[in-house]
Each structure stands twice: as structure tokens, then as C-alpha cells.
Amino acid sequence: MSNEIASETVQGTVHYKKNGIATFPASINDVFRYMSEGNHHHAAFKSHELSGIKGNIVTINAEIFNPDGSTFKTEITHKFDQPRGIETTMTGGAFSGARFTHSYTTIAGMTKVDVEGDFPAFPGMDAANELKMIDEFFTMVFAEDTATLKSRSLVPLS
């Protein structure tokens, strides 16, 4: 599988796709458990608070940093399709209208993550730079999630 970024700009949206963006050191069940919690620590997030769980829908209220240090508030909705993945939508802020899917595959007891979705085109930014920004954001967030999941899987020595 390719680790390349695929893109296409269509009527005000930018399409992002990256296979193998991360491999979580956790089972798919553990990943879903983690994704149903709030208060994830990410450098790009000022806050990340669980606001609701209803059936297979998890809602997060988040405040995300802009490159200039200002922030925007957004509601992140995760629709679980266990064990295949999670469809995420964002409402409010710079990424309002974004819709993307984390697809999960089990590999040797770990969980490989692919991401694909559509993001609003940013006025004044060409698609290549927006895709680079989206890729850097996801790469950082998934690396932080990987570290968190790894620390959770460590068993204390007795």
C-alpha cells in the first residue's frame, strides 16, 4: 500500500487520502475505546472535551489552534462503524464541513490507520499547500495518539 498523499480539488473542497498514516500499538477495540473518550492531549488542540455519546455517535467539543496562535471552536462528531473505522465530521471553525474516515486494519495485533476525506477549500490557499497543512496536522495528531496508546499498553513491573 502506498503512503503517498492523494488529492483532488472539486467545487470548493480538497480531497485528502493517505494510507498507512499510522499504526497504533493497540487492538481495534482499544482504539474504539480511546476514540470514545474526551480530553485527548494534542499540541494543536487547546481543548478536547467529550460532550456526548449516543449509540455509535461520539461528540467532542474542541478548540483548535490556528497557525497564528488564535483558536477556533468546532464540534467533532465521530460515527463508529466498528471494527471498520470512524467517520468524522466537523462543524464550526476553519474546517467546518470537513468529512473524513479513519479506516482500521488489524496487523499483528496492532491497528493500521488510513485516512480519506473532503475538507473545505481555504480561500487564498492553493490545494497543494492546504493538503500539506492537512497532512502535517494528521501526521502530528496520529503520532500523539500512537504515543498515548503505547503508554496505555505498558504494563507496570511488579
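What follows is a working chat about the cavities, pocket, salt bridges and one threonine of a predicted model.

Q: Before we dig in, what kind of model is this and how are residues numbered?
A: The model is predicted, so local features need pLDDT of at least 70, side-chain atom pairs count only at pLDDT 80 or more, and totals for chains, interfaces and linings use all residues. Residues are numbered from 1 along each chain as its sequence is written, and side-chain values use heavy atoms, with hydrogens and water left out.

Q: OK, how many helices and strands are in the chain?
A: Two helices and eight strands. In sequence order the pattern reads β-β-α-β-β-β-β-β-β-α. Helices (H or I, at least four residues) and strands (E, at least two) are DSSP runs, numbered from the N terminus.

Q: And how much of the chain is buried?
A: Of the 158 residues, 39% are buried. Buried is under 20% relative accessible area, exposed is over 50%, and partly exposed is in between (1.4 Å probe, protein chains only).

Q: Now the holes. How many cavities are there of 30 Å³ or more?
A: Two. A cavity is a set of points, on a 1 Å grid over the protein atoms alone, where a 1.4 Å probe fits but cannot get out; a pocket is an open set with protein on both sides within 12 Å along at least five of seven lines; lining residues have an atom within 4 Å of a point.

Q: What's the volume of the largest one?
A: About 220 Å³. Grid points are joined across faces, edges and corners, and a volume is the space filled by probe spheres set on the points.

Q: Which residues sit closest to the centre of that largest cavity?
A: Phe45, Ile76, His78, His102 and Val141, out of 18 lining residues. Strand 3 (45-54), strand 5 (71-81), strand 6 (85-91), strand 7 (99-107) and helix 2 (127-153) each give two or more residues to the lining. Helix 2 has the largest share, with five.

Q: Switching to open space, where is the centre of the largest pocket?
A: The lining residues nearest its centre are Phe65, Asn66, Pro67, Met133 and Phe137, out of 14. The largest pocket holds about 290 Å³. Strand 4 (57-65) and helix 2 each give two or more residues to its lining, and helix 2 gives the most, with four. By type, the lining has 12 nonpolar residues, one polar and one charged.

Q: How many salt bridges?
A: Seven, where a salt bridge is a side-chain nitrogen of Lys or Arg within 4 Å of a carboxyl oxygen of Asp or Glu.

Q: How are Lys132 and Glu136 placed in helix 2?
A: They are four residues apart, so about one helical turn separates them. Their salt bridge has its closest N and O atoms 2.6 Å apart. Lys132 is partly exposed at 47%, and so is Glu136 at 44%.

Q: What about Asp30 and Arg33?
A: Those side chains meet in a salt bridge at 2.5 Å, N to O. They are three residues apart in helix 1 (residues 28-35), again about one helical turn.

Q: Is Arg84 buried or exposed?
A: Exposed, at 57% relative accessibility. Arg84 has a salt bridge with Asp81 (3.0 Å, N to O), and Asp81 is partly exposed at 37%.

Q: Last one: what does the side chain of Thr74 reach?
A: The backbone oxygen of Thr91, at 3.2 Å. Thr74 lies in strand 5 and is buried at 4% relative accessibility. Leaving out residues up to four places away in sequence, Thr74 touches Ile60, Asn61, Ala62, Ile64, Met90, Thr91 and Gly92.

Terms used
A polar contact is a pair of N or O atoms within 3.5 Å; within protein, one must be able to donate a hydrogen and the other to accept it, and residues adjacent in sequence count only if both atoms are side-chain atoms. Contact means heavy atoms within 4.5 Å. Ala, Val, Leu, Ile, Met, Phe, Trp, Tyr, Cys and Pro count as nonpolar, Asp, Glu, Lys and Arg as charged, and the others, Gly among them, as polar.
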